[in-house]
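I opened my notebook to look up a few spots in a structure. Here is what I looked at.

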Amino acid sequence: MTDTTRTARAGVPERPSLDGLEATWAHRWQSDGTYAFDRSKERADVYSIDTPPPTVSGELHMGHVFSYTHTDTVARFQRMRGRTVFYPMGWDDNGLPTERRVQNVYGVRPDPALPYDRDWRPPPAPVGDDARKNPTAISRRNFIELCETLTVEDEKVFEALWRRLGLSVDWSLTYTTIGRAARAASQRAFLRNLARGEAYQAEAPTLWDVGFGTAVAQAELEDRERPGAYHRLRFTGPDGREVLIDTTRPELLPACVALVCHPDDERYADLVGASARTPVFGVEVPVRAHPLADPAKGTGIAMVCTFGDLADVTWWRELRLDTRVVIGRDGRLLPEPPAGVPAGPYAALAGQTVNGARRTLVELLADAGDLVGEPRPITHPVKFYERGDRPLEIVSTRQWYLRNGGRDADLREELLARGRELRWVPEHMRHRYEHWVGGLTGDWLVSRQRFFGVPVPVWYRLDDAGEPDWTHPLTPDEAMLPIDPTSEPPPGHQEAQRGVPGGFTGDPDVLDTWATSSLTPQIVGGWETDPDLHRRVFPMDLRPQGHDIIRTWLFATVVRAHLEHGVLPWRTAVLSGWILDPDRKKMSKSKGNVVTPMGLLEQHGSDAVRYWAANGKPGMDLAFDPAQVKVGRRLATKVLNASRFALGLGAADALRAPVTQPLDTAMLAELSGVVATATTAFDGYDHTAALMATEAFFWRFCDDYIELVKERAYGSGPAADSARAALATALSVQLRLFAPVLPFVTEEVWSWWRYGSVHRSTWPTTYEVGRAMAAPGDPELLRLAADALGQVRRAKSERKLSMKADVPLAEALGPAALLDQLTTVADDLKAAGRIAKLDLLPDRTAELVVACAF
């Protein structure tokens, strides 16, 4: 690392400009190691950040700029407070989004049955629509290599944007969620969960995305309003009694295993314990009572199918009902009917899509006279995988689960207690965590039926018939990690035994991407691989993230750290809001209102965009406002010009000289209050309040103080020396106050007259400002002088005179005590207002009035 304290001063340029600062300083920071983590520091001197790894299969948008800027202000502030900041950057490159992107870009699909072809090369990308609709099948290994190749290129684009934005990341700490270290950590944690009984395998109803062909977890669900229709079906009860059922999913009629009503519903009390016969298929199903049945919904009695929705799963499990599965993993009805369902009527449904089977079954019901009335159109919430575009189905599959308190009251209470230990910014976000944990209905499903991910690190023995022994998985030693059980044999076996009776088979699944992302503190912190680093950074200080993934990333990370280490993974969580469009609607690709950041960064400059982002408080949504970006550029430009002016007066050579004049000490006294306000705000993770206080003072400093003292500062003698010293102190302090938000322009100005980097300088303190003053100052004196000067300016403006116009006579009226104060700054006021004569007329008015005669 270059010693930045020896970097030479650049001198004040003749025509300073914001253009090109990003490229200049991004290169300098990298070559100087300005943001390098110092591994020699002890834990008390370290501030570690668990940075969200963005998904590189998408595009960075203004929401990323918004939240990552917030985190960067924290990192810069803590670094200036004397902490060595552990600030890595990660790329979330495994999982479904990457697979989908590779399939769309190259027009390929993975086929595990195909052998690896080392000579295969992808087509030029991107391919056309025909290739996407008719993808080329390639081996699993070829597909994974293609995923790895594309993500590397995507990550370069992301890194370039982050550098342009000015994130003070230590780029030597970069990691990927599919990298070797991440795979080893993810598999190690899973194996330890398995050894402790926290991970387990089960055959159970599973939420299934038929488009992606994989199971999904409860945390990945979202409800979307979709059109549907209620169909009223006629079942036949005892003695031919008509039992009417309303359903939106008539195609699941062959999967019906019971009818269910509320225990207190007198309409059906005599049916409970009896049976009814399904229409079309004539299958006898029991009528049962359960408190979750809603008497006010439909006819008050529902059919239970395996499985139409999560309520079906609950009824099936708690009432111990039969299982009749009819929907396969491809989203089509299975070719053969379930046991007990006649093959004749089922044949018309076999192999159809859900929608096709629905139309066919409605026709069969109508022909049989068992469709009562016409279907009634409705709009209702339907569950989707958050990244999917087809409604979820529930199919029975064998999956891996991780205990998360969903079925363990004691563990649930422990995880709720962890949430209360955590510092939440803003505090009310804790309630979202508690609501999620308290509402869990099952354990975390962590296996996925995909390809580009961290393999589940187990094998299974095959019996003499070639069937896997699911209950006794074979596991590797941790020293072997990472491993891929689909291409490596287990200890004590040979590859030739794969798939052979008496041999073994590897688990074909991969772990949920959150199962890896939930270990980011361990992955970057050297867990089990670098004990010295781990003790210096873990548990971490900060988790910044979006409030919408409290249920996924934040909760999952708490679960993993609690189970493995018995601690919280970090001390503080800062939650970001959403970015809204100018109409205050959430930005999303589907709405077509997303703004990509690179064009804005190039047009207005990174400091301007960061200024806009910093105007959003933690936890609060912020509307994207191009006008606010322009305000940010105006501010950055003013920092350049005001600094050049102050340094042109000789301020650089007056630094640390005593500040003696009343107006100068008044300005520094007010600045001392700003330092206190900004420091308190940053300590509370309120970068917005810190920026507002600093910016408000800066404009008063430029518009009032500089105008009041510039004539004196041009001169010589003790009074002029005091003005230049005050300008120097104020400039030094304000550059450091602005540095977390405006890193480029503050670094540029700092280089003109100070050594080293502003981002490695010390954060300003009230003691520092006070030490510059020969005597205490009164902030009210600056406000008084500014008020008087403002009235003189207005008088000139009303007469359409230049601000440089002379004022032969000005009369100041007001309370005597106020005018006595004004006397101490009279010379500065006269010089700034070009007043030839200033008369003070005490006790003529209740407040200050300055009248000008021209």
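I started with Thr746, which sits in helix α22 (residues 743-753). Helices here are DSSP runs of H or I with at least four residues, strands are runs of E with at least two, and both are numbered from the N terminus. The model is predicted, so local features need pLDDT of at least 70 and side-chain atom pairs count only at pLDDT 80 or more, while totals for chains, interfaces and linings use all residues. Residues are numbered from 1 along each chain as its sequence is written, and side-chain values use heavy atoms, with hydrogens and water left out.

Is Thr746 buried or exposed? Thr746 counts as buried, because its relative accessibility is 0%. (Buried means under 20% relative accessible area, exposed over 50%, and partly exposed in between, with a 1.4 Å probe and protein chains only.) I then listed what Thr746 touches, leaving out residues up to four places away in sequence: Leu735, Phe738, Ala739, Val758 and His759. Contact means heavy atoms within 4.5 Å.

Next I looked up a helix pair. The axes of α17 (residues 606-614) and α18 (residues 626-648) come within 7 Å and cross at roughly 125°. That angle makes α17 oblique to α18. (Under 35 degrees is roughly parallel, over 145 roughly antiparallel, 65 to 115 roughly perpendicular, and the rest oblique. Axes are lines fitted to C-alpha atoms, for helices over the stretch in contact, and angles run from 0 to 180 degrees between N-to-C directions.) On the α17 side, the contact residues include Tyr611 and Trp612. On the α18 side, Leu635 and Ala636 are among them.

Then I turned to salt bridges. Side chains of opposite charge can pair when their charged atoms come close. A salt bridge here is a side-chain nitrogen of Lys or Arg within 4 Å of a carboxyl oxygen of Asp or Glu. How many salt bridges are there by this rule? The count is 53.

I checked Glu145 and Arg141, whose side chains meet at 3.8 Å, N to O. They lie four residues apart in helix α5 (residues 140-165), so about one helical turn separates them. Glu145 is partly exposed at 29%, and Arg141 is partly exposed at 48%.

Asp512 pairs with Arg448, with the closest N and O atoms 3.6 Å apart. This pair links distant parts of the chain, 64 residues apart: Asp512 is in the loop between β22 (510-511) and α12 (513-517), and Arg448 is in strand β19 (residues 447-448). Both Asp512 and Arg448 are buried.
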